[in-house]
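Welcome! Please take a moment to look over the sequence and the 3D view before reading on.

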Amino acid sequence: MTNRKILLALKKIEVSYADGYVIEALIANYHLNLNLLRFICSVSETIMFKEEKKVKNLIIQLSSEIDSNQKLKTIISKKNLKIFKVWLSKSEVYFKTLKHKLPVNTKSLFLETQKITGILNISVNKIIATNK
């Protein structure tokens, strides 16, 4: 994951949102957040993740790893992971509702998703800066 890939994904999200495709922008932003979280997890040697692994399990493992790993503690805080957990549960409810009907809270969830992207982007930039 590089800054260039992140910026390209964010630009696609902005274009989708500006064109009025809010659900498409929300889904793209959701996937970007998951990829950023997986990149943050790749810093830890003890967290073994697979593509099909549940995201909640990743967050639980990352949360327990933060207590013991000083490097992870400087990258992302437990407070931010709690915010991420709440957002993830809201997103799961949203996508389950989307299967049956059009949800009402699309724009508010999209704005919250953008905040989460900002938090994760800061953490990824810390990782990239320390690797240079």
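## About the model

This is a predicted model, in which local features need pLDDT of at least 70 and side-chain atom pairs count only at pLDDT 80 or more, while totals for chains, interfaces and linings use all residues. Residues are numbered from 1 along each chain as its sequence is written, and side-chain values use heavy atoms, with hydrogens and water left out.

## Overall fold

Let us begin with the whole protein. The protein has six helices and zero strands, giving the pattern α-α-α-α-α-α along the sequence. Helices (H or I, at least four residues) and strands (E, at least two) are DSSP runs, numbered from the N terminus.

The C-alpha trace spans about 45 × 30 × 25 Å along its principal axes. For 132 residues, a compact globule would have a radius of gyration near 14 Å, and the 15 Å of this protein agrees with that. This radius is taken over C-alpha atoms, and the globule rule is 2.2 Å times the number of residues to the power 0.38.

## Contacts, surface and charge

Of the contacts with a separation of 6 or more, 61% are between residues 24 or more positions apart; contact means heavy atoms within 4.5 Å. Buried residues make up 38% of the 132 residues. Here buried means under 20% relative accessible area, exposed over 50%, and partly exposed in between (1.4 Å probe, protein chains only).

The accessible surface comes to about 8100 Å², and carbon and sulfur atoms account for 58% of it. Such areas come from the Shrake-Rupley method with a 1.4 Å probe; for residues, only the protein chains shown count as cover. The protein carries 23 positive and 10 negative side chains, and the centres of the two sets lie 3 Å apart. Lys and Arg count as positive and Asp and Glu as negative, while His and the chain ends are not counted; each charge is placed at NZ of Lys, CZ of Arg, CG of Asp or CD of Glu.

## The aromatic cluster

The structure holds five aromatic pairs. Rings of Phe, Tyr and Trp (its six-membered ring) pair if their centres lie within 6.5 Å; planes under 30 degrees apart count as stacked, over 60 as edge-to-face and the rest as tilted. One of the pairs is Y30 with W87, tilted, at 5.5 Å centre to centre and 40° between the planes. Y30 lies in helix α2 (residues 22-41) and W87 in helix α5 (residues 78-100), so this pair ties together parts that are 57 residues apart in sequence. Both Y30 and W87 are buried.

F84 also pairs with W87, again tilted, at 5.2 Å centre to centre and 50° between the planes. F84 and W87 are three residues apart in helix α5, which means about one helical turn separates them. Ring pairs link Y30, F84, W87, Y94 and F95 into a cluster.

L88 lies in helix α5 and is buried, at 0% relative accessibility. Leaving aside neighbours within four places in sequence, L88 is in contact with Y30, V55, K56 and I59. S123, in helix α6 (residues 106-131), is also buried, at 2% relative accessibility.

Y17 is found in helix α1 (residues 3-18). Is Y17 buried or partly exposed? Y17 is partly exposed, with a relative accessible area of 31%. Beyond its neighbours within four places in sequence, Y17 is in contact with V22, A25, K107 and F110. Y17 and K107 are 90 residues apart along the chain, with their C-alpha atoms separated by 9.7 Å.
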